[in-house]
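Please look through the structure shown below with the charged side chains in mind.

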Amino acid sequence: MKYVFLLGGQDLEMVEIAKMLEKAGEEYIDKNLPWGAKLSAYQEDWEREDVLYIGIELVEDVTPPANYKAIDHHNERSHEPASIEQVADLLGIILSRYQQLVAANDKGYIPAMEKMGASVFEIQKIRRADRKAQGVTEEMEQQAKKDFGN
C-alpha cells in the first residue's frame with residue numbers, strides 16, 4: 001500500500017521525519033503547523049482512497065478517514081517508540097546515531113540522550129537544532145535568560 005504522511009507540529013523530530021520521507025521518496029504533506037497540530041488541518045487532503053494516510057502527532061479533533069493510521073508517542077501513547085522510530089520501522093529504515101538522539105530528545109529530553117551516552121557536544125547540537133526547528137530565535141533565548149535571571 002502507498003502512504004501519504006501528514007506531518008504534525010514543528011520540532012526537530014518532525015524536521016528529521018520530513019528529511020527521512022524525502023530521502024525514501026515517500027509522499028508527505030507538511031503544513032508547518034505549530035505544536036498541538038490538529039488533524040482537521042488536513043481534512044481537504046483526504047480525497048484519495050488508494051493510499052493510507054499516516055498522521056504524525058496530530059490531535060484527532062475530527063473523525064479520521066477509514067484509510068488513516070495515527071503515529072504518536074505522547075500522552076496516552078507515551079509507552080510507544082518515538083514517532084521518528086515508528087516511521088522508520090514502518091518504512092524499514094535504520095536510524096542514524098543523530099536520528100536516534102533526536103528520538104531520545106523527543107521522548108525523554110536530555111536525560112534520555114545522556115542514557116544513550118551522548119556527549120555534551122551532541123546534546124548541545126540536538127537541543128540547539130530542536131529550538132531552531134520550533135522557531136526559537138537567539139534573541140528569544142537571550143530575552144528568556146534575562147527574564148529568568150540566568
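1. In this predicted model, Glu27 and Lys2 form a salt bridge in which the closest N and O atoms are 3.5 Å apart. The pair links distant parts of the chain, since Glu27 belongs to strand 2 (residues 27-29) and Lys2 to strand 1 (residues 2-6), 25 residues apart. Glu27 is partly exposed, with a relative accessible area of 30%, and Lys2 also counts as partly exposed, at 39% relative accessibility.

2. A salt bridge also joins the side chains of Asp45 and Lys31, with an N to O distance of 3.0 Å. Asp45 and Lys31 both lie in the loop between strand 2 and strand 3 (51-56), so the pair ties together parts that are 14 residues apart in sequence. Asp45 counts as partly exposed at 22% relative accessibility, and Lys31, with a relative accessible area of 28%, is partly exposed as well.

3. Which residue forms a salt bridge with Arg97? The partner is Glu122, and the closest N and O atoms of the two are 3.1 Å apart. Because Arg97 lies in helix 3 (residues 97-115) and Glu122 in helix 4 (residues 120-133), the pair ties together parts that are 25 residues apart in sequence. Arg97 is partly exposed, at 35% relative accessibility.

4. The structure holds eight salt bridges, among them the pairs of Asp45 with Lys31 and Arg97 with Glu122.

Notes: Residues are numbered from 1 along each chain as its sequence is written. This is a predicted model: local features need pLDDT of at least 70, side-chain atom pairs count only at pLDDT 80 or more; totals for chains, interfaces and linings use all residues. Side-chain values use heavy atoms; hydrogens and water are left out. A salt bridge is a side-chain nitrogen of Lys or Arg within 4 Å of a carboxyl oxygen of Asp or Glu. Helices (H or I, at least four residues) and strands (E, at least two) are DSSP runs, numbered from the N terminus. Buried means under 20% relative accessible area, exposed over 50%, partly exposed in between (1.4 Å probe, protein chains only).
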